[in-house]
Amino acid sequence: MKKTNLLFTICALLFSALLNPAHSQEAPNQEWNQFRGAQRSGSTDNVELTSFTDKEPKLVWKKKLGDGFSELTISGGNIYTMISERKDSITGDEFIAAFDEKTGDEVWRTKVDNMFFDTFGDGPRSTPAIGEKNVYSLSSYGKLSANSKKDGKTLWQVDFMKEYGSKIPRWGFSSSPVLVGNNVIVEVGGTDSRAFMAFDKKTGKEVWKKGEGIATYNSPVHGKINDKECIIFANGRKVYSLTTVGDTLWTYNSPISNPTGMPIVFDGNKIFISAVRNPGFIVLEVNNNKAKEISRGTSMKNDYSSSIYHDGYVYGFHVAALQCISVKTGEKKWTKRGYGKGSLIRIGDQLLVLSDKGKLIQVKATPEAYIELGNIQAIDGKSWTAPSFTNGKIYLRNLTEMACYELK
């Protein structure tokens, strides 16, 4: 009888766990495993950080790194990013590389292309996407590669310029791929309706193609609009919404030209898009697979980096000023200058802002006023790459080195 009661109790507890996911689910995924983090939003929730003035960030390590602008993606104990190394003044190589998360020591590197040179900064621009077993990257000259996370072995590579007639943008291929199901989806900029394409993660073979448009500097958004899964591309003066199998849901002719800042999907059916030229930003509302503009303004003009949406407000760099605006009205709530054309992410209710000269600033994510919680000079030199965050640590990169700081 006692054994029967015990068995009944165990079964009841297991059934209760199934009914109450809060007791059965693991902690939220905090891996920064693709461009702008796990949700491609530049944000991580359910994290509380101590004020820098109460506990200054502790330097864990700082390492020299080859030139490049790719974000540091973190997964399974390793950092994955793209770097470059020059051979002489006009030649060099681009690599996908892995580093130990705890020490910053290099684990492996694999050449994926020739090095891209530019007066604003050399090396790769795109951020790799991390899958279960492989890492997927796009080089400055448009070579999409799949490499083993374990040892860097190249599994396949597709040359956009050679295979699809893509033309290299002025500042190199910069779009960051997104993983959706069994596919790698990326802006290609190819001819014959191959602006956007999906490739099989295992083989690199073409799965679908869609759209007209040259390669630009924007990255696709994967999310849900009106509870329908979709991929959003902002290319040229057009916004595309595609299904995960490449069918067109809707398109919109936009007044925003070639945005670099990534579109932000919010409130279930709205999209914020911003670029450095007028009008600055627009907000689209989508219903019944039709998009319409519901507002626009000049109070947020994203140049290099993407903005952050939080509780009805957008935080971002309005050219070279950190700014907060109402997403509904475009009203400017506050402005803070002095950080150049920096970047930012949101961790819980705080913004972690990186100036373009490597100063890390902790700011309260509130529209009430600019409230600084502390700052440190975290890294020196040109810092145009947004921070990455996982497991209480922030990872920073400039053109020549990377650093890890413990925040909690």
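Threonine 366 is buried, with a relative accessible area of 15% (buried means under 20%, exposed over 50%, partly exposed in between, using a 1.4 Å probe and protein chains only). This is a predicted model, so local features need pLDDT of at least 70 and side-chain atom pairs count only at pLDDT 80 or more, while totals for chains, interfaces and linings use all residues. Residues are numbered from 1 along each chain as its sequence is written, and side-chain values use heavy atoms, with hydrogens and water left out.

Threonine 366 sits in the loop between β29 (359–364) and β30 (372–377); helices (H or I, at least four residues) and strands (E, at least two) are DSSP runs counted from the N terminus. Setting aside residues up to four places away in sequence, threonine 366 touches Tyr315, Trp334 and Ile371 (contact is heavy atoms within 4.5 Å). A polar atom of the threonine 366 side chain also lies 3.2 Å from the backbone nitrogen of glutamate 368.

Asparagine 302 is another loop residue, placed between β22 (290–297) and β23 (308–310). Asparagine 302 has a relative accessible area of 2%, so it counts as buried. Its side chain makes a polar contact with the side chain of serine 307 at 2.9 Å (an N or O pair within 3.5 Å; within protein, one atom must be able to donate a hydrogen and the other to accept it, and residues adjacent in sequence count only if both are side-chain atoms). Beyond its neighbours within four places in sequence, asparagine 302 is in contact with residues including Gly261, Phe272, Val276 and Phe317.

Over in strand β12 (residues 183–190) sits glutamate 187. Leaving out residues up to four places away in sequence, the residues touched by glutamate 187 include Phe160, Ser175, Phe196, Tyr217 and Phe233. Isoleucine 214 is on that list too; the two C-alpha atoms are 8.8 Å apart, although 27 residues separate the pair along the chain.

Next comes a hairpin, made by β13 and β14 with 5 residues between them. The strands, β13 (residues 194–200) and β14 (residues 206–210), pair in the antiparallel sense over 4 bridges (pairing takes at least two DSSP bridges). In the turn, glycine 204 has a positive phi of about 80 degrees.

Most residues other than glycine have a negative phi, and most peptide bonds are trans. Arginine 36, in the loop between α1 (2–19) and β1 (43–44), has a positive phi near 70 degrees. Asparagine 288, in the loop between β21 and β22, also has a positive phi, near 50 degrees. Buried or exposed? Arginine 36 is buried, with a relative accessible area of 5%, while asparagine 288 is exposed, at 72%. As for peptide bonds, the one from asparagine 278 to proline 279 is cis, with omega near 10 degrees. Proline 279 belongs to the loop between β20 (270–274) and β21 (281–287).
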